[in-house]
Amino acid sequence: MDQELIARNIMNIIDIKNQFYYDIFMHEDLYEVLKDYLENLTRNIDYVNKDIEIIMENNKSIIRKLIKDNHISVEERNQFIGNLVSFKRKYLLQKK
């Protein structure tokens, strides 16, 4: 998958209302930007930040591959996207 498609997927999952700003997830700092974005969406609540740390650590190797524009397997993509979807269900959909 190319970086633009992944970036669009990330934004569409976690913050659809800002989908036009997907390009923030297309750079070398994807790990930090995604982590910060999730923390800001959830207002930096400590127990949520701990879950964000776990998600980021579990997907660190996948994110590294994405940054380097390396191929990721379907399983890796499903893991990464699945973790974001689970996070959204647990924390972001509750806010509404």
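Visitor: Glutamate 76, buried or exposed?
Guide: Glutamate 76 is buried, because its relative accessible area is 17%, where buried means under 20%, exposed over 50% and partly exposed in between, with a 1.4 Å probe and protein chains only. This is a predicted model in which local features need pLDDT of at least 70 and side-chain atom pairs 80 or more, while totals for chains, interfaces and linings use all residues. Residues are numbered from 1 along each chain as its sequence is written, and side-chain values use heavy atoms, without hydrogens and water.

Visitor: Where is glutamate 76, and what does it touch?
Guide: Glutamate 76 has its place in helix H5, helices being DSSP runs of H or I with at least four residues, numbered from the N terminus. With residues up to four places away in sequence set aside, glutamate 76 touches Ile62, Lys65 and His71, contact meaning heavy atoms within 4.5 Å.

Visitor: And lysine 65, where does that sit, and what is it in contact with?
Guide: Lysine 65 is found in helix H4, and beyond its neighbours within four places in sequence, it is in contact with Asn70, His71, Ile72 and Glu76. Lysine 65 counts as partly exposed, because its relative accessibility is 29%.

Visitor: Switching to H2, how many of its residues are buried?
Guide: In H2, 9 of the 12 residues are buried, so this helix is largely enclosed by the rest of the structure.

Visitor: How far apart are the end C-alpha atoms of H2?
Guide: The end C-alpha atoms of helix H2 (residues 30-41) are 16 Å apart, which agrees with the 16 Å that its 12 residues should span at 1.5 Å a residue, the expected span being 1.5 Å times one less than the number of residues.

Visitor: What follows H2?
Guide: Arginine 43 follows H2, and its phi is positive, near 60 degrees.

Visitor: Last topic, where is confidence lowest and where highest?
Guide: Confidence is lowest in H1, with a mean of 92, and highest in helix H3 (residues 46-58), at 97. For the protein, the mean pLDDT, the predictor's confidence in each residue from 0 to 100, is 93, and 97% of the residues reach 70 or more.

Conventions: Helices (H or I, at least four residues) and strands (E, at least two) are DSSP runs, numbered from the N terminus.
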